[in-house]
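Let us walk through one protein chain together. Keep the structure in view as you read.

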Amino acid sequence: MKRICLCVKIHIPMIFRNFRFNEINQNDDYYDDLGLDYHVNKICTDNLHPFFRTVENIFRESGGRFKVAVSISGSTLKLLQKAAPQTIIMLSELVQEGCIEFLSEPWSHSIIAFSNSETLLRQTNQHDELIHTMFGKVPEVLIIHSPICPEKVWRAFQQNTGKGVFIYSNHIERSKKAKGTKDRPAISNVGIHPVHRTLSQEFQKLVLGTDIQLLKNFTSGILQNMKNDSSPTNCLVLVYDLAVFTKPFNKNTAFLLKATINELLVDECFQFCFPSETKTYLNTVFSDTISNNDTDHFLLPVDSWLKN
């Protein structure tokens, strides 16, 4: 059985208002509240709501076999709570229905949280407490979106919390990859799974086309790559970024997403899973003898992270 964990990433950056020179130190009204409210509601209307309606339809039609993980920053949750409370209600209903599960992550979309394990733990606890308050659940797996995070930081976090971790190749020290097993201490990789960046990008491109037949062919290619890149011992982790769409999530996009998921559901060798279900899986992608070429598909470029 080849397991797939589809992670939906949602981060809405804050919008600062334009300050005139004579306004400096006059007040602490830094944010463009009107612009933020409009931007948040537009993203919800154009992307979040139609996407999650599609996810809910697939979930019900599949008899609960389709599951989605949601990675949403704490700052974005606060924005939704203020400007789009109907989105919070929708997400809460999906949690209760067993359709989605939340991932753990730092409060803000910043590399500062990964400077040391104490800062990471503090920001993650702040995020998880808000998730628990809003949805009654505590995330069991941390996902790291930052291109920079020392291995010792997330290793210490995992040991202190017992959470699973979704990482990129950037988060494994290169010097350790090059060394043999004699030089490297025994470290458990149970519950640690790499995000497949290449397949995530291909999956994301489903929203860019307008020719349905062309997109069908493209979808078939994605399915074949998924079969080639997953194995019974490894969980295939994909990240689908909802907040960076330049086009609304329309009917064509919903059709292609549904067609892609249904083709995976028809194949009995594939199984969608929640992040919490991966905590006991041992992933063999990052081994002691792995080469740099082997990790290209799991490497997160800085420019990809900066786009969001």
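A polar contact is a pair of N or O atoms within 3.5 Å; within protein, one must be able to donate a hydrogen and the other to accept it. Start with His193, which sits in strand 6 (residues 192–194). A polar atom of the His193 side chain lies 3.0 Å from the backbone oxygen of Thr278. His193 is also buried, and its relative accessible area is 0%. Bear in mind that this is a predicted model.

Now step back to the whole chain. It has ten helices and eight strands. Of its 308 residues, 51% are buried. The chain exposes about 14700 Å². Carbon and sulfur atoms supply 53% of that area. Next, take the contacts in the chain with a separation of 6 or more. Residues 24 or more positions apart account for 78% of them.

Which residues of helix 7 are buried? They are Arg197, Leu199, Ser200, Glu202, Phe203 and Gln204.

The largest nonpolar core has 51 residues. Those with the most contacts inside it include Phe51, Phe52 and Phe66. Leu80, Ile100, Phe102 and Phe135 also belong to that group. Which helix gives the most to this core? Helix 1 does, with ten residues.

Follow Phe52 for a moment. Leave out residues up to four places away in sequence. Phe52 then touches Val8, Ile10, Val70, Met90, Leu91, Leu94, Ile100 and Leu242.

The aromatic rings come next. Five aromatic pairs are counted in the model. One of them joins Phe51 and Phe249. Their ring centres are 5.5 Å apart, and the planes make an angle of 85 degrees. Planes over 60 degrees apart count as edge-to-face, so this pair is edge-to-face. The pair links distant parts of the chain, since its two residues are 198 residues apart. Phe51 is in helix 1 (residues 33–61). Phe249 is in the loop between strand 7 (235–241) and helix 9 (251–266).

Finish with the cysteines. How many disulfides are there? The count comes to zero. Look at Cys5 to see why: its nearest cysteine sulfur, that of Cys7, is 3.9 Å away, whereas a disulfide needs the two sulfur atoms within 2.5 Å. For Cys7, the nearest cysteine sulfur is that of Cys5, again 3.9 Å away. Cys7 is therefore in no disulfide, given the cut-off of 2.5 Å. Cys5 is buried, with a relative accessible area of 0%. Cys7 is buried as well, also with a value of 0%.

Terms used: Residues numbered from 1 in each chain as written. Predicted model: local features only at pLDDT ≥ 70, side-chain atom pairs only at ≥ 80, totals over all residues. Heavy atoms only, no water. Buried < 20%, exposed > 50% of the residue type's maximum accessible area, 1.4 Å probe, protein only. Phe/Tyr/Trp six-rings, centres within 6.5 Å; stacked < 30°, edge-to-face > 60°. Helix = DSSP H or I, 4+ residues; strand = E, 2+ residues; numbered from the N terminus. Core = buried A, V, L, I, M, F, W, Y, C linked by side-chain atoms within 4.5 Å. Contact = heavy atoms within 4.5 Å. Areas by Shrake-Rupley, 256 points an atom, 1.4 Å probe, with all protein chains shown as cover.
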